[in-house]
Amino acid sequence: MKEKIRLFAKSLGITEFGVTLTAANKTVLVFLFPYYCGNKKGNISLYARSPDYHLIVKKYLEKIAGYIKSLEINISCEIYCDNNSLGERELAYTAGLGFYGKNRMLINPTYGSYFFIGCVICDGLILKADTPLNKICAGCGMCIKNCPGDALSENGFDITKCASELSQKKGELTEAEKQIILKSGFLWGCDICQNVCPHNKNIKLTPIADFKENLIFSLPEDDIVSLSGRAFLKKYTGRAFTWRGKNVLLRNIKIKTERISDNGNQNNNTSYKR
Ligand code: SF4
Ligand code: SF4
């Protein structure tokens with residue numbers, strides 16, 4: 001059965017598959033959905049350039065769950081992508097799909113850390129669980145050195161200083177928080193701790209067509225400023241960067257434009273420390 005599932009997933013372009021168990025001993029099928037299609041410069045994070053990954057991952061997981069049920073009618077399946085408290089990253093780790101980096105990302109040997117995780121939890125299906133990879137990250141510290149908010153350290157991760165988190169936070173930001181977004185150079189998200197990681201060099205591009213098509217690399221700032229809230233949502237419907245509303249993006253633009261007019265200086269998100 002495990003081999004049949006592996007082959008079916010592969011026929012959909014999903015090659016990274018592992019099995020683990022929940023605390024309640026339910027079988028969890030874990031799949032990675034790589035999204036890397038090159039690192040063309042832009043002001044939004046790589047993960048948000050394709051149409052919303054939740055919709056794409058769900059579509060594939062539904063196909064896989066349908067296939068499993070076609071093999072054995074008594075199996076019931078629940079699908080998950082970012083919508084549960086199970087801790088998908090840890091499930092993917094225990095299913096042998098990656099190892100942890102100091103940037104707190106899970107790193108897959110073939111696709112690096114640019115992937116989403118989708119799970120199918122099955123009742124009535126017993127499969128042998130996989131084991132974690134016996135591997136650790138290179139430990140170069142580049143992610144820690146280059147983090148614009150000093151959110152990463154040898155001892156942990158402070159999400160309150162993470163540019164990705166702050167760029168999506170609603171409301172007014174403190175001066176220190178604004179500085180972090182400004183330093184990151186991104187309007188939405190932040191990829192710096194992944195971009196500098198040697199495990200993300202020479203990785204394979206995504207084999208999944210949905211992550212290669214209809215990409216937006218940069219959000220035109222004029223568009224966000226000039227479009228009404230409704231027109232903005234209509235134009236960018238089905239995109240991950242719309243889920244917090246237009247005002248969050250407007251605020252991020254304002255942070256940048258205020259600083260440019262203050263000192264005529266613009267940050268560049270490619271000037272990493274070496
Ligand atoms: S996403 Fe950016 S700000 Fe957040 S930990 Fe990584 S480098 Fe730091
Ligand atoms: S940048 Fe270096 S220390 Fe950070 S996760 Fe990658 S290999 Fe590990």
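A residue here is called buried if 20 or more other C-beta atoms lie within 10 Å of its own. Keep that cut-off in mind, everyone, and hello. What we are looking at today is a predicted model.

Let me begin with strand E6, residues 115-123. Seven of the nine residues of E6 are buried, so E6 is largely enclosed by the rest of the structure. Who are its partners? Let's walk through them.

On one side we have strand E2, residues 27-34. E2 and E6 run antiparallel and are joined by eight bridges.

Next comes strand E1, residues 17-21, which is antiparallel to E2 and joined to E2 by five bridges. One pair to look for is Thr20 with its bridge partner Val28 in E2. E1 is mostly covered, with four of its five residues buried. Between E1 and E2 the hairpin has five residues, and there Asn25 takes a positive phi near 70°.

The remaining partner of E6 that I want to show you is strand E3, and these two run antiparallel with five bridges between them. Here Glu78 has Ile121 as its bridge partner in E6.

So how do the strands line up? The four form an open sheet in the order E1-E2-E6-E3, with antiparallel pairing. E1 and E3 (76-80) stand at the edges with a single partner strand each, so one side of each has no neighbour in the sheet. On average, and ignoring direction, neighbouring strands of this sheet are turned by 25° against each other. Packed on the sheet is helix H2, residues 53-71, which touches E2, E3 and E6. The direction of H2 makes about 30° with that of E6.

For contrast, come back to the start of the chain.

Let's zoom out. The protein is divided into domain 1, residues 2-123, and domain 2, which takes in 149-198 and 214-263. Taken over C-alpha atoms, the centres of domain 1 and domain 2 are separated by 26 Å. The contact between the two takes 22 residues from domain 1 and 23 residues from domain 2. On the side of domain 1 that touches domain 2, you will find nine nonpolar, eight polar and five charged residues.

Last stop, ligand 1. Which residues come nearest to ligand 1? Of the 13 residues around it, they are Cys147, Cys162, Ala163, Cys190 and Cys193. Helix H5 (163-168) and helix H7 (192-195) each supply at least two residues of this shell. By class, the shell has nine nonpolar residues, four polar and no charged ones.

Notes:
Residues are numbered from 1 along each chain as its sequence is written. Chains are lettered from A and ligands numbered from 1 in the order in which they are written. This is a predicted model: local features need pLDDT of at least 70, side-chain atom pairs count only at pLDDT 80 or more; totals for chains, interfaces and linings use all residues. A residue is near a molecule or strand if its C-beta atom, placed from the backbone, lies within 6 Å of it. Ala, Val, Leu, Ile, Met, Phe, Trp, Tyr, Cys and Pro count as nonpolar, Asp, Glu, Lys and Arg as charged, and the others, Gly among them, as polar. A residue is buried if 20 or more other C-beta atoms lie within 10 Å of its own, exposed if 12 or fewer, and partly exposed in between; C-beta atoms are placed from the backbone. Two strands pair if DSSP finds at least two bridges between them. Axes are lines fitted to C-alpha atoms, for helices over the stretch in contact, and angles run from 0 to 180 degrees between N-to-C directions. Two residues are in contact if their C-beta atoms, placed from the backbone, lie within 7 Å. Domain bounds come from an automatic or database domain assignment.
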